Structure formats: C-alpha cells, structure tokens
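Here is a short briefing on one protein model and its ligand. Keep the structure open as you read.

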Amino acid sequence: MYPDLEGKTVLITGAGTGIGQAMARRFGQEKANVVINYFSDQENPDDTIVDIQKNGGQAVKIKGDVSKEEDVQAMIDKAVDTFGSLDVMINNAGIENEVPSTEMTLDNWNKVMSTNLTGMFLGCRDALKYMTDHGIEGSIINMSSVHQQIPWPHFVHYAASKGGAKLLTETLALEYAPKKIRVNSIAPGAIDTPINAEKFDDPALKKGVIELIPIGYIGKPEEVAACAVWLASKEASYVTGLTLYVDGGMTKYPGFQAGKG
Ligand code: NAI
C-alpha cells in the first residue's frame with residue numbers, strides 16, 4: 001500500500017476494460033479518487049466504481065475518445081470539477097489490429113496512431129498544462145509496450161506508435177523535471193486482456209506466445225497495476241523518464257534461454 005496516494009486524483013484513459021480497469025481498481029484500493037475514462041457503451045465502468053467505493057476510494061466515469069482534443073479536455077475538467085485536482089494522469093487507451101504493411105490503409109494507420117500516440121500526447125499536454133498552472137508536482141504514466149523495442153511485423157502502426165511513446169515520454173520527462181513532474185512509461189509484455197482475446201482463445205497461438213516469455217506465463221492486468229501505483233507514489237519520487245518493462249523477461253532474448261548462441 002502507498003499511503004500518499006490516498007485522496008490523490010488519478011485519471012485513467014481506456015479504463016473500461018483490461019489493464020486500465022485493473023489500475024482503476026488498484027488505485028481505488030489505495031483510496032485515491034479515480035476518474036475512469038471509457039470508450040464504448042459495451043463497457044461497464046459502474047461495476048468498477050462500486051468496487052472502488054467498497055474499498056474506500058471514490059470514482060466517477062466519463063465517456064470519451066482520447067484522439068479528440070475536446071474529449072481529453074473534458075476528462076481533465078471532470079477530474080478537477082469532481083475532486084478539485086489532477087495529480088496522476090495515466091494514458092492507457094490503445095488499439096491494435098493485424099494487417100500486412102502493404103495492405104494497411106491510411107485510415108487504419110491513422111486510427112491506431114491517433115488513439116495510441118496522438119491520444120497520449122493530448123493527455124500528457126493537457127495534464128502537464130493543468131499541473132504546471134497549479135504548481136502540482138504530479139506524475140504521468142504512459143502505457144507503452146514491449147513493441148517500443150521489439151519490431152512487430154503486420155503491426156507496423158502499433159509498433160511505430162509505441163516507439164513514438166518511448167521518446168514522447170523521455171522528452172516530456174526531461175522538459176518537466178524542473179517542475180518536479182515525473183513522466184514515465186510502462187511497457188507490458190503479453191497480458192491477459194480483451195486486446196489479446198482472439199489470440200489467447202486459440203490454444204496453439206497461446207502456447208506460441210508463452211514460449212516467448214521466460215517466466216513462463218501470460219501476465220495478469222493486476223501485475224501491471226501493481227507497478228503503476230508504485231510509479232505514481234512517492235516511493236518513486238526520483239524516477240522519471242523510465243520505461244518499466246512488465247514482461248516476464250520477454251525483452252531479454254528468450255531464444256538464448258537454453259544457453260545456446
Ligand atoms: P483493452 O483492449 O482491454 O484496453 C484498451 C482500452 O482502450 C479499451 O477499454 C478501449 O475501449 C479503450 N480505447 C480504445 N480506443 C479508445 C479511444 N479512442 N479513446 C479512449 N479509449 C479507447 O487492452 P489492454 O491490454 O488493457 O490495453 C491497455 C494498454 O496496454 C494499451 O495501450 C495497449 O497497447 C497496452 N498493452 C497491452 C498489452 C497486452 O498484452 N494486453 C501489451 C502491451 C501493451
């Protein structure tokens with residue numbers, strides 16, 4: 001537990017499902033005020049809100065698209081109007097789809113880039129503006145991926161967006177360190193969430209993924225959330241510009257595990 005998170009206001013994008021939802025619940029356990037951005041009416045943030053309230057936190061929801069300037073501003077306004085501040089911004093929303101690069105339409109490229117990278121930029125920009133205007137020594141966490149490092153054929157838009165997330169995070173960390181605002185990212189490996197549902201429903205594909213993970217299993221969203229609360233807390237007060245890989249060793253060349261090479 002991180003007592004300094006109690007009463008802090010945390011805005012999480014794409015928190016209707018998966019890692020975002022797990023982070024919302026975990027910040028609730030830390031008794032933070034959680035603003036849940038969700039994207040589709042299929043998602044059910046009300047259950048998450050009830051869980052957070054049961055644990056002594058507070059939560060509100062706001063529907064919105066991170067690629068739209070007015071929606072991102074509305075999310076920040078919701079945090080400030082409801083809870084009086086914004087202390088932690090988590091740019092988590094992201095999408096992917098598999099397409100060979102020569103068949104990728106401009107629309108498809110733009111959709112992934114505008115959600116994953118432009119959405120992250122807008123979230124960072126507006127949160128930093130609020131924090132600097134109000135003298136808040138806040139924390140920003142961007143959800144990247146192991147594919148900020150590992151090339152990924154058929155997912156060139158996704159890999160490019162996460163590669164961009166790396167330097168976006170590092171640049172803003174450098175720019176805002178003098179204001180004591182920390183900007184970090186988390187790069188998950190393979191985590192059991194809806195984004196991977198199709199892949200993990202197929203036993204052969206799932207087995208193939210597990211072979212790429214030295215620790216030997218697919219991660220849980222809660223294991224990512226545990227890192228997010230640490231990064232947001234004072235325990236990480238001297239950490240900025242970091243990419244924290246939460247990947248069971250996936251980025252550590254698992255092909256060499258058998259001692260060959
Ligand atoms: P997910 O599909 O459960 O979550 C993504 C969320 O983003 C969904 O709730 C979706 O509705 C929301 N979203 C999509 N477009 C949006 C938009 N324009 N505006 C606002 N919200 C939008 O998948 P997951 O795994 O929880 O993904 C969360 C983040 O973690 C993503 O950025 C993803 O790239 C990243 N990630 C996930 C990995 C995994 O294995 N699950 C691995 C590496 C990174």
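**Ligand site**

A polar side-chain atom of Thr193 sits 2.6 Å from an oxygen atom of the ligand. Taken alone, the ligand exposes 820 Å², and the protein buries 94% of that. The model is a predicted one.

**Around the ligand**

- The ligand is surrounded by 28 residues.
- The closest of them are Thr17, Glu43, Asn92, Tyr158 and Thr193.
- By type, the shell residues divide into 12 nonpolar, 13 polar and three charged.
- Helices H1 and H5 (156–176) each supply at least two residues of this shell.
- Asn92 places a backbone N or O atom 2.8 Å from an oxygen atom of the ligand.
- Ile191 also has a backbone N or O atom 2.8 Å from an oxygen atom of the ligand.

**Asn116, a polar residue inside**

- Asn116 belongs to helix H4, which covers residues 106–133.
- Is Asn116 buried or exposed? Asn116 counts as buried because its relative accessible area is 1%, under the 20% cut-off.
- The Asn116 side chain reaches the backbone nitrogen of Ile95 at 2.9 Å.
- Beyond its neighbours within four places in sequence, Asn116 is in contact with Ala93, Gly94, Ile95, Tyr158, Ser161 and Lys162.
- Tyr158, one of these contacts, is also among the residues closest to the ligand.

**Nonpolar cores**

- In soluble globular proteins, nonpolar side chains tend to be buried together.
- Here the largest nonpolar core holds 33 residues.
- Which members touch the most other members? They are Ile12, Met23, Phe27, Val34, Ile90 and Ile186.
- Strands giving two or more residues to this core are E1 (9–12), E2 (33–38), E4 (88–91), E5 (139–143) and E7 (243–246).
- Helices doing so are H1 (18–29), H2 (45–54) and H8 (221–232).
- H8 gives the most, with seven residues.
- A second, separate core has 31 residues, including Val35, Cys124, Ile136 and Ala165.

**Val34 in the largest core**

- Val34 is one of the members of the largest core that touch the most others.
- Leaving aside neighbours within four places in sequence, Val34 is in contact with Val10, Ile12, Ala24, Phe27, Gly28, Ile52, Gln58, Ala59, Val60 and Phe83.
- Two of these contacts, Ile12 and Phe27, are likewise among the core members that touch the most others.

Conventions:
Residues are numbered from 1 along each chain as its sequence is written. This is a predicted model: local features need pLDDT of at least 70, side-chain atom pairs count only at pLDDT 80 or more; totals for chains, interfaces and linings use all residues. Side-chain values use heavy atoms; hydrogens and water are left out. A nonpolar core is a set of buried Ala, Val, Leu, Ile, Met, Phe, Trp, Tyr and Cys residues joined through side-chain atoms within 4.5 Å. Buried means under 20% relative accessible area, exposed over 50%, partly exposed in between (1.4 Å probe, protein chains only). Helices (H or I, at least four residues) and strands (E, at least two) are DSSP runs, numbered from the N terminus. Contact means heavy atoms within 4.5 Å. A polar contact is a pair of N or O atoms within 3.5 Å; within protein, one must be able to donate a hydrogen and the other to accept it, and residues adjacent in sequence count only if both atoms are side-chain atoms. A residue is near a molecule or strand if one of its heavy atoms lies within 4 Å of it. Accessible areas come from the Shrake-Rupley method with a 1.4 Å probe; for residues, only the protein chains shown count as cover. Ala, Val, Leu, Ile, Met, Phe, Trp, Tyr, Cys and Pro count as nonpolar, Asp, Glu, Lys and Arg as charged, and the others, Gly among them, as polar.
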